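Here are my notes on this model. Please read them with the structure open.

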Amino acid sequence: MKRVLLIKLTSLGDLIHALPALSDANRERPELEFDWVIDESFREIAGWHPAVKGVLTTNHRRWREALAHPSTRGSIAELIARLKATRYDLVIDGQGNFKSALLSLFARGPRAGFDRHSVREWIAHLAYQRRYAVTKKAHAIERLRRLFAAALDYPVPGSPPDFRIRRESFVRPQVDLPREYLVFVHNASWKTKLWPEAHWAELLEKSLDAGFEVLLPWGSADEEARARRLAVSSRIRVLPKFTLSELGYVLERAKACVCMDTGLSHLVAALGVPSVTLYGATDSGLIGASGSSQVHLKSERFCSPCQSKTCRYSSGDNPCLEQIAPDRVFGELLRLIAPRVRGIEPAATGG
């Protein structure tokens with residue numbers, strides 16, 4: 001066995017979760033070469049790992065919006081042709097949903113994935129010729145490491161996850177960065193993952209009082225607008241819209257980060273940057289940012305984690321995340337950076 005195709009399309013955090021499995025396979029089976037089918041918005045991630053030799057991209061979100069357009073049909077036909085062009089020794093569906101399973105059917109080679117009890121979407125397992133049981137109670141990183149080990153026939157490693165990101169792939173952005181800075185990742189794809197804006201404002205005030213400069217990244221118009229509302233001082237900088245490789249450059253040089261449960265929090269953790277990540281609607285035990293110097297602050301509200309994109313108890317700020325107080329976050333942030341920062345004593349960590 002030499003050529004393996006990995007199908008894992010989105011999203012940012014899920015793709016970061018796949019990197020340790022690739023590292024395991026590269027260490028245990030160094031003769032293997034991987035191609036990766038990935039959404040074109042995230043193709044940079046595939047290039048960050050040394051085991052990945054080829055990248056095939058989809059754009060299924062845009063395709064869905066204009067399925068009848070000739071350019072869409074042409075793009076889909078081109079991808080199918082590329083999938084059929086190479087004979088693979090194994091095709092691994094690491095996504096486990098209908099879209100990824102459908103793509104696996106066009107690839108040339110035996111198909112492997114989670115079994116019917118383990119897969120994300122039940123119908124997907126019907127596409128696989130080799131099916132493997134992996135408990136859904138394990139962390140997403142561990143699930144993928146176990147799937148790869150079973151499919152590629154090596155023992156499940158007991159070592160910590162090795163993301164093996166090639167940092168030389170990062171790109172220095174064309175902006176001047178402060179010598180030292182924090183990064184606050186205030187955005188998230190679900191409304192139920194957002195910390196109240198007033199809490200961010202209070203945390204920023206405490207950070208400025210302690211002498212820090214803070215950078216605010218964003219990825220959508222709404223996120224940019226929030227960042228600009230929060231940037232009430234020249235020492236709070238709203239970043240331009242960066243590529244993922246530019247963001248990687250900025251994040252790996254941060255003194256520390258505060259994040260919501262979003263894709264960038266997983267990149268921060270994979271880079272070993274000290275970070276405090278806040279969890280309300282989601283379960284940090286199953287999908288939490290994994291790496292050194294990571295602190296998970298979890299809501300203690302009775303309904304958390306609900307795993308829902310909408311809150312049944314509020315149409316405004318999320319009650320679960322609202323109870324995680326800025327004092328508590330700032331205290332954990334200071335503990336990550338140093339016992340004392342410029343004479344500021346760590347705050348109490350009570351909510």
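1. The main core. Keep in mind that this is a predicted model. Its largest nonpolar core has 63 residues. Within that core, Trp-36, Ile-45, Phe-148 and Leu-152 have the most contacts. Helix 1 supplies the largest share of this core, 8 residues. As a rule, nonpolar side chains in soluble globular proteins tend to be buried together.

2. Phe-148. What does Phe-148 touch, leaving aside its neighbours within four places in sequence? The contacts are Leu-6, Ala-21, Leu-22, Ala-25, Phe-34, Ile-92, Asp-153 and Tyr-154.

3. A second core. There is also a separate core of 32 residues. Phe-184, Trp-200, Ile-236 and Leu-333 are among its members.

4. Six strands form an open sheet, paired in parallel, in the order 3-2-1-4-5-6. Strand 3 and strand 6 (130-132) are the edges. Each has a single partner strand, so one side of each lacks a neighbour in the sheet. On average, neighbouring strands are turned by 20 degrees against each other, direction ignored.

5. Strands 4 and 5. These two run parallel and are joined by 2 bridges. Ile-92 stands opposite Ala-112 of strand 5. Ile-92 is also one of the contacts of Phe-148.

6. Helices across the strands. Helix 1 (residues 12-28) lies across strand 1, strand 2 and strand 3. Helix 1 runs at about 175 degrees to strand 2. Helix 6 (residues 140-152) lies across strand 1, strand 2, strand 4, strand 5 and strand 6. Its angle to strand 4 is about 160 degrees.

7. Helix 5. Which residues of helix 5 (residues 98-106) are buried? They are Ser-100, Ala-101, Leu-103 and Ser-104. These residues sit on the same side of helix 5, because they cover an arc of only 160 degrees around the axis. An α-helix has 3.6 residues a turn, so residues three or four places apart point the same way. The cover over the buried residues of helix 5 includes strand 1 (3-7), strand 2 (33-39), strand 3 (52-58), helix 4 (70-85), strand 4 (90-93) and strand 5 (111-114).

8. The start of helix 5. Asn-97 caps the N-terminal end of helix 5. One of its side-chain oxygens lies 3.3 Å from the backbone nitrogen of Lys-99.

9. Helix 10. Is helix 10 (residues 263-270) mostly covered or mostly uncovered? Mostly covered: 8 of its 8 residues are buried. Among them are Leu-264, His-266 and Val-268. Gly-272 follows helix 10, with a positive phi near 75 degrees.

Terms used. Residues numbered from 1 in each chain as written. Predicted model: local features only at pLDDT ≥ 70, side-chain atom pairs only at ≥ 80, totals over all residues. Heavy atoms only, no water. Buried < 20%, exposed > 50% of the residue type's maximum accessible area, 1.4 Å probe, protein only. Helix = DSSP H or I, 4+ residues; strand = E, 2+ residues; numbered from the N terminus. Arc of directions from axis to C-beta. Contact = heavy atoms within 4.5 Å. Polar contact = N/O pair within 3.5 Å; in protein donor to acceptor, adjacent residues only side chain to side chain. Pairing = 2+ DSSP bridges. Axes fitted to C-alpha atoms, helices over the stretch in contact; angles between N-to-C directions. Core = buried A, V, L, I, M, F, W, Y, C linked by side-chain atoms within 4.5 Å.
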